[in-house]
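Reader: I have a new structure to look at. Can you walk me through it?

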Amino acid sequence: MENKSHALAAGLFVVVLTALVIGISLWLGRDNTTYTKYELATAESVSGLQLQAPVRYKGVPVGKVRSIEFDPEKNGNVLIVIAVSAEAPVTQTTYAMLGYQGVTGLAHIQLDDDNMNTTPLPTGPDGLPRLPMRPSPFGQIAEQGPIIMQQVEDATRKVNDLLSTDNQAAMLAAFTEV
């Protein structure tokens with residue numbers, strides 16, 4: 001009989017301890033912050049962005065990414081729904097862009113503001129306020145890549161023309177005459 005009472009006591013201890021751990025984790029994990037949802041639409045790539053990625057306003061964490069999906073109204077656009085703390089000063093001049101963390105390539109949404117305009121945001125087609133999304137600095141570099149490559153190719157062609165055998169002979173003759 002004594003073995004069964006020890007087993008019962010050990011079982012009750014495990015059950016109570018498990019319930020206590022679950023209760024403490026729920027209590028510590030609660031979030032009493034009031035969030036406002038915003039919608040972002042972009043034709044740019046959102047590689048590296050994942051659900052639950054942080055949303056930062058001028059570097060300060062203010063929310064999380066809630067959903068990433070294709071825009072049913074405009075082919076090729078991506079819709080991103082973010083939840084931002086109601087205390088964040090989001091105005092009509094607030095815009096979003098992708099930010100990247102270090103070398104990992106993990107993306108987050110970076111919110112910024114041109115100036116403090118207190119006009120509320122108009123709602124988008126889904127009923128959520130829509131923030132404009134600007135290309136990230138990496139996106140801007142990627143856009144300029146073909147132009148830069150064309151300019152490098154043109155410069156290389158001009159240098160090759162300048163250093164052609166005929167021009168080399170002409171320059172050598174000009175220097176030997178002096």
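Reader: Which residues does I82 touch?
Author: Leaving out residues up to four places away in sequence, I82 touches T36, K37, Y38, L40, V55, K64, V65, R66, I109, L111 and L131. Contact here means heavy atoms within 4.5 Å.

Reader: How are the residues numbered, and what sort of model is this?
Author: Numbering starts from 1 along each chain as its sequence is written, and side-chain values use heavy atoms, with hydrogens and water left out. The model is predicted: local features need pLDDT of at least 70, side-chain atom pairs count only at pLDDT 80 or more, and totals for chains, interfaces and linings use all residues.

Reader: Back to I82. Which residues in the largest nonpolar core touch the most other members?
Author: L49, I80, I82, V84, I109 and L111, out of 22 residues in that core. Such a core is a set of buried (under 20% relative accessible area, 1.4 Å probe, protein chains only) Ala, Val, Leu, Ile, Met, Phe, Trp, Tyr and Cys residues joined through side-chain atoms within 4.5 Å.

Reader: Which strand gives the most to it?
Author: Strand 4, with 4 residues. Strands are DSSP runs of E, at least two residues, and helices are runs of H or I, at least four, both numbered from the N terminus.

Reader: What does strand 1 pair with?
Author: Strand 1 (residues 35–42) runs antiparallel to strand 4 (residues 78–85), with 8 bridges, and T42 stands opposite V78. Strand 1 also pairs in the parallel sense with strand 7 (residues 130–131) over 2 bridges, where L40 has L131 as its bridge partner. Pairing requires at least two DSSP bridges between the strands.

Reader: How many helices and strands are there?
Author: The chain has 3 helices and 7 strands.

How values were computed: Buried < 20%, exposed > 50% of the residue type's maximum accessible area, 1.4 Å probe, protein only.
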